[in-house]
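Dear colleague,

I am handing over the structure below, and my notes on it follow directly after. Please read them alongside the coordinates.

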Amino acid sequence: MNENIVLTESTYYILLSLYRPQHGYGIMQQADQLSDGRVRLAAGTLYGALNALCEKGWIVPLPVDKESRKKEYKLTEKGLQVLKNELERLRQLVKNGEEILKEER
Amino acid sequence: MEERKVIRKWIWVWDFEKEERWLNEMAQSGWVLDKIGYCRFEFKRCEPGEYVVRLELHPENDGYVEFMQETGAEYIGNMLQWKYFRKKAEEGSFDIFSDIDSRIGHLNKIGKMLSGIGTANLVIGLANSINPEVHMGWINLLCATLLMYGLGRIHGKKEALEKERLLHE
């Protein structure tokens with residue numbers, strides 16, 4: 001797999017929210033909460049992203065519950081790996097930033 | 001006091017942002033879009049600022065409307081593959097797109113539709129202008145020219161977004 005994938009902030013939070021199965025509206029709320037209201041996923045953006053992530057095999061839809069009719073999604077092994085790689089990249093980003101700007105603090 | 005009103009209006013497809021702005025101005029002044037027809041906008045009375053209205057080109061019937069409804073949006077209707085939604089302002093902010101990539105994706109969809117219809121008109125127009133029996137080929141050529149102009153407008157919007165994306169998401 002390409003090791004140099006840079007996730008968009010939306011994708012990062014969508015994948016993170018799907019560590020446990022979740023439906024669309026749940027993902028929006030969770031991303032909002034996790035980021036203290038900074039990341040507000042709009043429904044159309046989320047919808048397109050969910051389809052693209054399914055195509056990539058990073059998430060899968062779960063069988064639809066007949067009662068609620070809400071489609072839930074879940075992270076795959078592949079998706080989890082992508083998320084871990086991204087976390088590693090973000091760590092490096094923060095480390096470099098802190099090292100160079102340490103005198104500013 | 002009348003509770004509904006109809007406004008007939010022609011809006012070019014590349015002016016969809018202007019259309020959305022106009023619909024929200026109407027909602028601000030107490031008239032929310034309730035039904036959509038061909039160049040026909042039917043409004044019903046609402047509290048000023050009660051609703052936010054959004055529209056989007058979404059040709060596929062793939063469960064998208066249900067998805068939007070799940071998130072609290074109300075579906076108003078569909079016209080020439082454009083879908084119209086509204087949401088009560090008190091239920092939180094309402095946007096269809098929240099990042100540059102999906103805005104560009106939407107413009108690409110509009111561009112694809114315009115170039116599809118444009119090319120068809122060009123082909124028909126050219127075929128008709130060769131045929132001495134038909135004298136109406138110029139109408140298709142005119143349509144094609146107009147659609148190409150629209151495509152240029154969409155492309156311009158897209159370029160502006162792509163430039164922005166060079167620096168941030």
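Across the interface of chain A and chain B in this predicted model, the rule finds zero salt bridges, a salt bridge being a side-chain nitrogen of Lys or Arg within 4 Å of a carboxyl oxygen of Asp or Glu. The two chains bury about 1400 Å² between them, 56% of it on carbon and sulfur atoms (accessible area, 1.4 Å probe, lost on being put together and summed over both parts). The contact (heavy atoms within 4.5 Å) takes 20 residues from chain A and 18 residues from chain B.

On the side of chain A that touches chain B, α1 (9-17), α2 (24-34) and α3 (43-56) each supply at least two residues, and the largest share, six residues, comes from α3(A); helices here are DSSP runs of H or I, at least four residues, numbered from the N terminus.

Within chain A, the axes of α1(A) and α2(A) come within 9 Å and cross at roughly 110°, the axes being lines fitted to C-alpha atoms over the stretch in contact, with angles from 0 to 180 degrees between N-to-C directions. The two helices α1(A) and α2(A) are therefore roughly perpendicular to each other (65 to 115 degrees). Y13(A), I14(A), L16(A) and S17(A) in α1(A) meet I27(A), Q30(A), A31(A) and L34(A) in α2(A).

Residues are numbered from 1 along each chain as its sequence is written, chains are lettered from A and ligands numbered from 1 in the order in which they are written. Local features need pLDDT of at least 70 and side-chain atom pairs count only at pLDDT 80 or more, while totals for chains, interfaces and linings use all residues, and side-chain values use heavy atoms, with hydrogens and water left out.

Best regards

Note on methods. Parallel < 35°, antiparallel > 145°, perpendicular 65-115°, else oblique.
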